[in-house]
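Please examine the structure shown here with attention to its side-chain packing and its backbone. The paragraphs that follow go through selected residues, ring pairs and helices in turn.

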Amino acid sequence: SSDVCSSDLSGLFLGGWSQGGHNTGAVLQSLEAKGVTVKAAFTASNPNDPYAALNAIFFHPQPTDSPWFSAMVGQVAFSCETFGGPVGLAANTLNPDVFQDANTLYRRTYGHPAGDPKVLKAMLTTRPLLSFLRPALRDPAAFAASDLGRCLARNEVFRQDIKADVRIYYGTDDQIIRQHLGQIGRAHV
């Protein structure tokens, strides 16, 4: 709120890991854009450029990639549709043979009782991640131009010149964030 932003927050520290790291970057950008001074921030395994992270996993798979990331493909597609649109983004992105499972996973309506983690484990698959996309999107240029690609690109959190002291931590063998993606934004360190 504007009340929070008008307060003296000069001692504020922010931090987060993985999705929390992405959220940390977004909050930091928002606060600094409003003139609020943040003392320092850290992120770990931060998908600071969600488009680059997903593009790497789809089109440049590596043996260290997480086998559970298949569950995230639908989550990302449905989240982009829900929070940024357009309607139909998930259906236009996901291969029809995974759409229903991805939908039940996003809505946590799978299994009995709903959301049963044992059923979730059975839903995860080791099929090629690219097969989760409709065939027309299995090309890097088509993916970039898709509604999902544009949604992911809009959600980067590293291009603004940050004034706060920021530490960005990443692993050299992370299951999701490649080392060169973990270094994006290190110029602000």
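Histidine 22 is buried, with a relative accessible area of 9%; buried here means under 20% relative accessible area, exposed means over 50%, and partly exposed lies in between, for a 1.4 Å probe and protein chains only. Histidine 22 belongs to helix H2 (residues 19–33), where helices (H or I, at least four residues) and strands (E, at least two) are DSSP runs numbered from the N terminus. With neighbours within four places in sequence left aside, histidine 22 is in contact with Asn46, Pro47, Asn48, Pro50, Asn155 and Val157, contact meaning heavy atoms within 4.5 Å. The model is a predicted one, in which local features need pLDDT of at least 70, side-chain atom pairs count only at pLDDT 80 or more, and totals for chains, interfaces and linings use all residues. Residues are numbered from 1 along each chain as its sequence is written, and side-chain values use heavy atoms, with hydrogens and water left out.

The aromatic residues come next. A pair of aromatic rings is described by the distance of the centres and the angle of the planes. The structure holds six aromatic pairs; rings of Phe, Tyr and Trp (its six-membered ring) pair if their centres lie within 6.5 Å, and planes under 30 degrees apart count as stacked, over 60 as edge-to-face and the rest as tilted. Tyrosine 51 and phenylalanine 143 form a stacked pair because their ring centres are 5.8 Å apart and their planes stand at 20°. This pair links distant parts of the chain, since tyrosine 51 lies in helix H3 (residues 50–59) and phenylalanine 143 in helix H8 (residues 140–145), 92 residues apart. Phenylalanine 143 has a relative accessible area of 0% and is therefore buried. A second stacked pair joins phenylalanine 78 and tyrosine 106, with 5.4 Å from centre to centre and 20° between the planes. Phenylalanine 78 is in helix H4 (residues 69–84) and tyrosine 106 in helix H6 (residues 96–107), so this pair ties together parts that are 28 residues apart in sequence. Both partners count as buried, phenylalanine 78 at 3% relative accessibility and tyrosine 106 at 19%.

Tyr51 and Phe143 also belong to a cluster that ring pairs form with Phe58 and Phe59. H4 and H9 pack at an angle of about 75°, with their axes 10 Å apart; axes are lines fitted to C-alpha atoms, for helices over the stretch in contact, and angles run from 0 to 180 degrees between N-to-C directions. H4 is therefore roughly perpendicular to H9, on a scale where angles under 35 degrees count as roughly parallel, over 145 as roughly antiparallel, 65 to 115 as roughly perpendicular and the rest as oblique. Val76, Ala77, Cys80 and Gly84 of H4 make the contact with Leu148, Cys151, Leu152 and Arg154 of H9.

Helix H9 also contains aspartate 147 and arginine 150, which are separated by about one helical turn because they are three residues apart. Their side chains meet in a salt bridge (2.5 Å, N to O), a term that requires a side-chain nitrogen of Lys or Arg within 4 Å of a carboxyl oxygen of Asp or Glu. By this rule the count comes to one salt bridge. Aspartate 147, at 25% relative accessibility, counts as partly exposed, and arginine 150 counts as partly exposed at 40%.

Two backbone features remain. Most residues other than glycine have a negative phi, and most peptide bonds are trans. The peptide bond from glycine 85 to proline 86 is cis, with omega near 0°, and proline 86 lies in the loop between H4 and H5. Arginine 108, although not a glycine, has a positive phi of about 55°. Arginine 108 is placed in the loop between H6 and helix H7 (117–123) and is exposed, with a relative accessible area of 51%.
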